[in-house]
Amino acid sequence: MIDTLKIFNHDLELLNDNIKTIAGIDEVGRGPLAGPVVTACVVMPYDKMLEGVFDSKKVSKKNRLRLYDEILSKAMSVSISVRNEKRIDEINILNATKECMKESYEKLIVKPDLLLVDAVKLNIAENEMAIIKGDATSYAIACASIVAKVYRDKMMEDYAKLYPNYDFENNVGYGTKKHVEALKTYGITPIHRLSFLSKIIGEEECKRLYMERKAK
């Protein structure tokens with residue numbers, strides 16, 4: 001079991017008379033060829049930190065599902081936001097991620113004294129700090145990472161039922177060999193990010209498909 005208190009002492013050191021509540025924001029889904037980017041913003045209490053919280057990519061699926069329920073149960077406030085493939089293609093993945101993170105923060109019911117963001121500088125809160133590899137060093141960000149990943153993985157499992165040839169239930173939209181082969185065999189789906197596919201289906205084809213999608 002991961003020693004949560006030892007790993008995330010960083011957050012505890014930030015708490016003081018002026019900082020009593022901390023929110024963490026993280027994203028999941030910046031790199032895949034298909035599906036949305038999902039962000040979560042979480043305000044967690046620090047009097048009893050959940051055991052096993054860590055970077056969602058390094059937590060087993062079984063533990064992620066358990067922690068997801070525990071985080072939602074214990075959190076002072078949780079907000080989840082989504083930006084789909086059309087928005088990603090329209091404004092690029094970085095801007096879509098920032099827009100999504102901003103919305104997650106704005107939808108919080110409990111506004112924190114300090115906002116911790118994984119890597120990205122948002123400039124949306126009066127007291128804000130960007131932390132490189134925050135999902136492995138900040139308890140609040142790690143909790144947000146788990147919430148965002150479980151939420152997005154479930155979305156991709158649902159998409160897999162609509163588009164069964166692409167193995168979305170396993171690759172969650174990332175460009176695995178099986179996914180790329182399916183793209184070449186069956187073409188794109190409505191949830192593919194055209195701005196990510198130029199090396200697979202060709203730049204001109206991506207432009208043509210983008211104009212078709214934009215016209216709908």
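Buried here means under 20% relative accessible area, exposed means over 50%, and partly exposed lies in between, all with a 1.4 Å probe and protein chains only. Helices (H or I, at least four residues) and strands (E, at least two) are DSSP runs, numbered from the N terminus.

This is a predicted model, in which local features need pLDDT of at least 70 and side-chain atom pairs count only at pLDDT 80 or more, while totals for chains, interfaces and linings use all residues. Residues are numbered from 1 along each chain as its sequence is written, and side-chain values use heavy atoms, with hydrogens and water left out.

**Stop 1: strand S4**

Select residues 114-118, which form strand S4. Five of the five residues of S4 are buried, so the strand is largely enclosed by the rest of the structure. Leu-114, Leu-116 and Asp-118 are buried on one side, and Leu-115 and Val-117 are buried on the other.

**Stop 2: the sheet around S4**

Two strands count as paired if DSSP finds at least two bridges between them. Strands of a sheet pair through backbone hydrogen bonds, either parallel or antiparallel. Four bridges join S4 to S5 in parallel, with Leu-115 opposite Glu-128 of S5. S1 and S4 also pair in the parallel sense, over four bridges; Ile-22 has Leu-114 in S4 as its bridge partner.

Show the whole sheet next. It is open, has five strands in the order S3-S2-S1-S4-S5, and its pairing is mixed. Strand S3 (77-83) and strand S5 (128-131) are at the edges with a single partner strand each, so one side of each is left without a neighbour in the sheet. From one strand to the next, the twist averages 20°. For angles, axes are lines fitted to C-alpha atoms (for helices over the stretch in contact), and values run from 0 to 180 degrees between N-to-C directions.

**Stop 3**

Select residues 37-43, strand S2, together with S3: the two run antiparallel and are joined by seven bridges. Val-38 has Val-82 as its bridge partner in S3, and Cys-41 stands opposite Ser-79.

**Stop 4**

Contact means heavy atoms within 4.5 Å. Select helix H6 (residues 139-162), which packs on the sheet and touches S1, S2, S3, S4 and S5. The direction of H6 makes about 35° with that of S1.

Move to helix H5, residues 93-106. The expected span of a helix is 1.5 Å times one less than its number of residues. For the 14 residues of H5 that should give 20 Å, and its end C-alpha atoms are 20 Å apart, which agrees. The buried residues of H5 are Ile-93, Ala-96, Thr-97, Cys-100, Met-101, Ser-104 and Tyr-105; they pack against S1, S2, S3, helix H4 (85-91) and S4. At the N-terminal end, Asn-92 caps H5, with a side-chain oxygen 3.1 Å from the backbone nitrogen of Leu-94.

**Stop 3: Glu-99**

Stay on H5 and pick Glu-99. At 27% relative accessibility, Glu-99 counts as partly exposed. Leaving out residues up to four places away in sequence, Glu-99 touches Arg-83, Arg-87 and Ile-91. The side chains of Glu-99 and Arg-83 are joined by a polar contact of 2.6 Å. A polar contact is a pair of N or O atoms within 3.5 Å; within protein, one must be able to donate a hydrogen and the other to accept it, and residues adjacent in sequence count only if both atoms are side-chain atoms. The C-alpha atoms of Glu-99 and Arg-83 are separated by 8.3 Å, and the two residues are 16 residues apart along the chain.

**Stop 4: helix H10**

Select residues 203-215, helix H10. Its buried residues are Cys-206, Leu-209 and Arg-213. They cover an arc of only 70° around the axis, which puts them on the same side of H10; the arc is that of the directions from the helix axis to the C-beta atoms. These buried residues pack against H4 and helix H9 (198-201). Turned away from the buried side are the exposed residues Glu-204, Met-211, Lys-214 and Ala-215.

**Stop 5: two loop residues**

Ala-119 is in the loop between S4 and S5 and has a positive phi of about 70° although it is not a glycine. Val-172 is in the loop between helix H7 (168-171) and helix H8 (177-186), with a positive phi near 45°. Buried or exposed, what is Val-172? Val-172 is buried, with a relative accessible area of 12%, while Ala-119 is partly exposed at 39% relative accessibility.
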